Amino acid sequence: MRIGLIAAIRCSADGTLRASLPLAGRSVLAWQASLLTSLGTERVLCLTDSSGANADIIAVQQAIEAEGQQFHALKGFAALPALVRAEDELIVVLDGLVPDPGLVRAVLGAGGTNGSGFKRVVATLPADHPLAASHPEDFERIDAARHWAGVLAMRGAAVQHLADFPDDADATSLLLRLALQAGTPCTQLAARELVPESWMLADSPAAVARHGTALIASAASPTDWYAPGLTLASTLVRALVPRGFGQGAPVVGGTGFALLLAAVLIAAFGPAAAGLGLAIIGAFLVQVAQAFATLGARLRGEVTDGSSIRAVGVAVDVLASAASWFALVPWPQWQPLGVLGPVVIALARLVARAPGTRLGAAASDRVCLLLLLTLSAFFGLLPETLACLSLGLLAALLLRSGPD
């Protein structure tokens, strides 16, 4: 069994528990647990000296157990020999360290996302590195030229020797010494790899906040003001993620779809402009939820599921088409002119399939399209606007396709 070990014991410069510092919407401990699970660990152990329940530890435990893996919070290391068998593999991450997952996989020789190709190793850094100089108690000295870099992978057999040490000893330091005594090879990281962007120690809230901002900026979708609605949704998400609002993305998306359904009913039985206006809010909320999901997946290093994103987009367009249909032809009337609304939405989807173009970006923004239709309905120009839009979008498709 592959087992991961993290800790929630040491505090930052202001006295806050390192593991509890917020980093891009999640705690440092959650980032460490995510790293371990990405390396294929089946059990995650967390050392803590707190007798009370820690909300961040409980949240991590619930997330890991929801994925079918095991999590144990341990006060002291007395139980470690019983939880780690001799044939197990143990990965240890320093308390408060958030390394780049790709770099850790390279250090451990772990190919792929499931941690295959695992090897036992102690990651080290040069003795003159700033991390070793500023935090010698964290990045412990191994010899005259090297310090521990905060990550190691070892055989479980050496863990059994922890029973020979007093309970008040530093478990992480002991495991490092036991791994070295067992002959675990060392791998020195290059100076270009040990930079705050890829090897961050949560030694202060300011440092964690800066790192979180950099993570979000690197993972966020590029802004394109030819699609103002999408850009505003992305900008809002980038501002809310550091505050942990990403957990509410399903609620935001569900509210958006509820408003779109209400918009269809209002357009069918009430004022057309009111129905389309409500559809604007619903579509924007769905865009916000999608931006949350996409950004969150990129931050976690997960591959975005394109099929689910397309399915959500189709559902939004179906409801927007229904709202525009009934805005033009209220229920229970029937007029062929009502198809103009769905035709415009469908043509906009086709035009949006040209990525990287200004027209494609504008056509992909359903919020702006619904805003235009709402204003047209308010001034009594909805049929004319839909007719002009359908002709313009059709012309764009014909010009893009080129000569036969």
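Trainee: Is Cys186 buried, exposed or partly exposed?
Mentor: Partly exposed, because the relative accessibility of Cys186 is 27%, and the buried label needs a value under 20% while exposed needs one over 50%. Keep in mind that this is a predicted model.

Trainee: What's the relative accessible area of Cys368, then?
Mentor: It comes out at 28%, so Cys368 is partly exposed.

Trainee: Switching to the fold. What's the strand order in the open sheet?
Mentor: There are seven strands, running S5-S4-S1-S6-S9-S8-S10, and the pairing is mixed. S5 (70-75) and S10 (186-188) are the edge strands; each has a single partner, so one side of each has no neighbour in the sheet.

Trainee: What's the average twist?
Mentor: It averages 25° from one strand to the next.

Trainee: And how do S1 and S6 pair?
Mentor: In the parallel sense, with four bridges between S1 (residues 2-8) and S6 (residues 89-93). For instance, Arg2 has Glu89 in S6 as its bridge partner.

Trainee: Which strands does helix H2 touch?
Mentor: H2 (residues 55-66) packs on the sheet against S1, S4 (43-48) and S5, and its direction makes about 155° with that of S5.

Trainee: What about H4, which strands does that one lie across?
Mentor: H4 (residues 101-108) lies across S6, S8 (121-126) and S9 (146-155), and runs at about 115° to S8.

Note on methods. Residues are numbered from 1 along each chain as its sequence is written. This is a predicted model: local features need pLDDT of at least 70, side-chain atom pairs count only at pLDDT 80 or more; totals for chains, interfaces and linings use all residues. Side-chain values use heavy atoms; hydrogens and water are left out. Two strands pair if DSSP finds at least two bridges between them. Helices (H or I, at least four residues) and strands (E, at least two) are DSSP runs, numbered from the N terminus. Axes are lines fitted to C-alpha atoms, for helices over the stretch in contact, and angles run from 0 to 180 degrees between N-to-C directions. Contact means heavy atoms within 4.5 Å. Buried means under 20% relative accessible area, exposed over 50%, partly exposed in between (1.4 Å probe, protein chains only).
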